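These notes are for a reader opening the structure for the first time. They go through the strands, the cores and the helix packing in turn.

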Amino acid sequence: MLGMRLSELQRIFTLNVAKLIQWAYDQGYELTFGESFNAAGTGHMKNSNHYIRLAQDLNLFKDNEYLTKSDSYKPLGSFWVSLHPLNRWGGDFKSKDGNHFSMLWEGRA
Ligand SMILES: [Zn+2]
């Protein structure tokens with residue numbers, strides 16, 4: 001993993017987001033997109049991976065209900081971290097950001 005370029009990780013990240021989405025639907029969930037790449041560089045915490053194309057927020061639905069609790073996203077988080085050793089799930093952060101799926105880059109996720 002060491003020495004991988006940001007561009008390489010960004011391309012792996014995109015494929016893994018697709019896998020996560022497909023997996024979630026296979027489990028009976030539905031999703032809408034939250035924030036992905038943020039070109040403006042504002043609105044997230046400092047050094048957010050949304051500014052470097054390594055973070056995706058997803059809104060989770062089951063049985064037509066929008067699930068907002070961080071813990072509701074745990075099955076997706078577990079699957080997400082299983083896809084790549086650098087994947088991080090926001091529900092594991094102190095901020096309990098359950099809808100945030102990202103990839104570690106220079107100590108940031
Ligand atoms: Zn996020």
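1. Start at the hairpin of strand 2 and strand 3, which has two residues between the strands; there Asp 63 takes a positive phi near 50 degrees. Helices (H or I, at least four residues) and strands (E, at least two) are DSSP runs, numbered from the N terminus. Strand 2 and strand 3 pair in the antiparallel sense over three bridges, where pairing requires that DSSP find at least two bridges between two strands. Phe 61 stands opposite Tyr 66 in strand 3.

2. The model is predicted: local features need pLDDT of at least 70 and side-chain atom pairs count only at pLDDT 80 or more, while totals for chains, interfaces and linings use all residues. Residue numbers start from 1 along each chain as its sequence is written.

3. Strand 1 (residues 30–33) pairs with strand 2 in the antiparallel sense over four bridges, and Glu 30 stands opposite Phe 61. Strand 5 is also antiparallel to strand 2, with three bridges. Across that pairing, Ala 55 has Ser 102 as its bridge partner, and Asp 57 stands opposite His 100.

4. Strand 5 also pairs with strand 4 (residues 87–89), antiparallel and through three bridges; here Trp 89 is the bridge partner of Phe 101. In a regular strand the side chains alternate between the two faces of the sheet. In strand 5 (residues 100–103), His 100 and Ser 102 point one way, Phe 101 and Met 103 the other way, and all are buried. A residue is buried if 20 or more other C-beta atoms, placed from the backbone, lie within 10 Å of its own; it is exposed if 12 or fewer do, and partly exposed in between.

5. Which residues make up the largest nonpolar core? There are nine: Leu 20, Ala 24, Leu 58, Leu 60, Tyr 73, Leu 76, Trp 80, Trp 89 and Phe 101. Helix 1 (6–26), strand 2 and helix 2 (74–83) each give two or more residues to this core. A second, separate core of six residues includes Phe 13, Ile 52, Met 103 and Trp 105. A nonpolar core here is a set of buried Ala, Val, Leu, Ile, Met, Phe, Trp, Tyr and Cys residues joined through C-beta atoms within 7 Å.

6. Tyr 73 lies in the loop between strand 3 (65–67) and helix 2. Why is Tyr 73 classed as buried? Because 26 other C-beta atoms lie within 10 Å. Leaving out residues up to four places away in sequence, Tyr 73 touches Leu 60, Gly 91, Gly 98 and Asn 99; contact means C-beta atoms, placed from the backbone, within 7 Å.

7. Trp 80 is in contact with Leu 20, Asn 87, Trp 89 and Phe 101, neighbours within four places in sequence set aside. Between the two helices, Asn 16, Lys 19, Leu 20, Trp 23 and Ala 24 in helix 1 meet Leu 76, Phe 79, Trp 80 and Leu 83 in helix 2. By class, this contact has seven nonpolar, one polar and one charged residues; Ala, Val, Leu, Ile, Met, Phe, Trp, Tyr, Cys and Pro count as nonpolar, Asp, Glu, Lys and Arg as charged, and the others, Gly among them, as polar.
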